[in-house]
Amino acid sequence: MGKNLTTGSVFRTIVTFALPYLLSYFLQTLYGMADLFIAGQFIGIDGITAVANGSQVLYMLTVVIVGLAMGATVTIGRAVGANRLDRAAKAIGNVITLFAGIALALTVVLLLNVHNIISLIGVPVEAVEGTAQYLTICYIGIPFIVAYNIISSVFRGMGDSKSPMYFIAVACFCNIVFDYLFMGWLRLGPSGAALGTTLAQAISVTVTLVAIRRRRTGIRLKFGDLRPDRAMLRGILGIGVPTAVQDGCIQIAFIITVIANYRGLNDAAAVGVVEKVISALFLVPSSMLATVSAVSAQNIGAGRMERATKTLRYATAITVVYGIVISIVVELTAGSIVGLFTTDATVILLGTQYIRSYIVDSIFAGIHFCFSGFFAACGRSYIGFIHNIVAITLVRVPGAYLASKLFPNTLFPMGVAAPAGSLLSVLICLGFYAWLKRHGVISEKARA
């Protein structure tokens with residue numbers, strides 16, 4: 001199940017590890033996009049807005065869970081890199097115990113606060129009922145969401161990014177089939193989208209557990225490994241919590257959606273559609289964040305810091321080239337992209353304005369994503385938290401809010417806030433990297 005990421009070509013290692021992860025991320029993002037696309041075929045703008053808001057909340061939750069799970073990926077990766085399989089087993093056991101409790105707590109708390117969340121994000125009144133239905137059903141399925149992402153983090157920590165891709169492919173296929181069944185044939189509206197998502201996740205986890213039972217690995221998990229170990233949990237959470245907060249901050253689309261909701265139904269629908277498109281287009285930067293974390297963690301565990309820094313450089317170059325290319329493509333096809341999700345002329349116009357200014361962020365965001373992954377592998381995930389919080393509070397949120405007030409007839413200025421905030425994040429990351437290098441924490445020279 002595992003793979004050694006500490007030898008061979010660094011570039012080849014990045015590509016072979018990142019591609020399955022990229023496909024996994026694409027398939028997971030396709031969940032929300034499929035819901036929105038199919039909703040646009042069978043229900044009106046109120047239904048589209050309900051699914052867009054509901055899936056945005058759910059995606060925000062998933063991103064935070066994935067961030068927490070990064071603590072597991074890095075901890076297990078370091079243990080595997082150091083050939084400490086006993087420590088890897090203990091980390092896996094503690095992750096299972098920890099996240100079982102988290103899943104239970106999240107399910108209870110969120111189900112009790114469905115309407116409070118809807119009020120908080122300012123869902124337009126026409127979409128309130130549909131959003132409530134969507135969130136209630138999806139919250140019931142939280143244990144499956146947590147289970148899939150934790151199992152995936154364990155696989156990736158061991159150097160295996162292919163297995164999670166297969167598991168999510170099963171879920172994505174089932175989700176699309178269920179969407180057409182529930183929203184198309186049975187006409188269940190937003191509830192149908194939520195049912196499809198939840199049932200597909202349940203099937204994915206079932207397939208995952210069956211596959212695990214049939215796998216042979218070098219790690220032997222004992223009952224005692226499930227017993228909470230304070231030092232182990234502190235290490236996992238020390239990396240996972242700042243990463244989760246950082247990743248939650250990256251999903252600033254949640255707050256931008258709230259701002260758009262108060263501008264009216266058309267603006268809310270346009271922003272909802274574009275945010276789904278952006279989440280898909282940002283898959284390469286996101287996959288590089290996870291790739292840099294996993295590959296660098298194993299190399300740092302093996303005492304090969306020079307390979308870890310080389311991983312950062314190559315991954316950054318890949319994301320910058322990707323960002324430039326995708327920005328050009330989107331600028332040329334913006335209207336057609338938004339038109340895939342709705343036929344409403346006003347929504348298409350507003351969405352086109354928003355995505356044309358927003359897409360430039362794919363260049364800058366890719367850079368700070370890679371740095372965040374590297375800092376997490378170094379055990380300094382708090383740096384990702386710092387640069388995201390600073391960029392959000394000083395640029396992204398106030399910039400989007402002011403743009404929404406000063407330019408009520410266009411969404412173009414709101415989109416500019418995203419690349420402006422990411423540019424600030426990049427500068428902060430470069431500063432921290434130089435500081436760590438100056439203090440000897442990072443060495444780019446190979447060992448003699």
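Of the contacts in this chain between residues at least 6 apart in sequence, 84% join residues at least 24 apart, where a contact means heavy atoms within 4.5 Å. What you're looking at is a predicted model, so local features need pLDDT of at least 70, side-chain atom pairs count only at pLDDT 80 or more, and totals for chains, interfaces and linings use all residues. Residues are numbered from 1 along each chain as its sequence is written, and side-chain values use heavy atoms, with hydrogens and water left out.

**The chain as a whole**

The secondary structure comes to 17 helices and 0 strands; these are DSSP runs numbered from the N terminus (helices are H or I with at least four residues, strands are E with at least two). The radius of gyration is 21 Å, close to the 22 Å that the globule rule gives for 448 residues, so the chain is as compact as a globular protein of that length. That radius is taken over C-alpha atoms, and the globule rule is 2.2 Å times the number of residues to the power 0.38. Along its principal axes, the C-alpha trace spans about 65 × 45 × 35 Å.

Buried residues make up 58% of the 448 in the chain. Here, buried means under 20% relative accessible area, exposed means over 50%, and partly exposed is in between (1.4 Å probe, protein chains only). The chain exposes about 17,800 Å², with carbon and sulfur atoms supplying 68% of that; the areas come from the Shrake-Rupley method with a 1.4 Å probe, and for residues only the protein chains shown count as cover.

Have a look at helix H4, residues 114-121, where Val114, Ile117, Ile118 and Ile121 are buried. They sit on the same side of H4 because they cover an arc of only 100° around the axis, going by the directions from the helix axis to the C-beta atoms. Turn to the face pointing away from that buried side and you find the exposed residues His115, Asn116, Ser119 and Leu120. Just after H4 comes Gly122, with a positive phi of about 65°.

Most residues other than glycine have a negative phi. Arg187 has a positive phi of about 55° although it is not a glycine. You'll find Arg187 in the loop between helix H7 (162-185) and helix H8 (190-214), and it is exposed, with a relative accessible area of 54%.

**Charged pairs**

Side chains of opposite charge can pair when their charged atoms come close. The structure holds 2 salt bridges, each a side-chain nitrogen of Lys or Arg within 4 Å of a carboxyl oxygen of Asp or Glu.

| Salt bridge | N to O distance |
|---|---|
| Arg263 and Asp267 | 3.0 Å |
| Arg304 and Glu306 | 3.2 Å |

Asp267 is buried, at a relative accessible area of 10%. In the other pair, Glu306 counts as buried at 11%, while Arg304 is partly exposed at 24%.

**A nonpolar patch**

Helix H9 (230-250) and helix H16 (382-406) each supply at least two residues of the patch, and H16 gives the most, with 3. Val241 lies in H9 and is partly exposed, with a relative accessible area of 38%.
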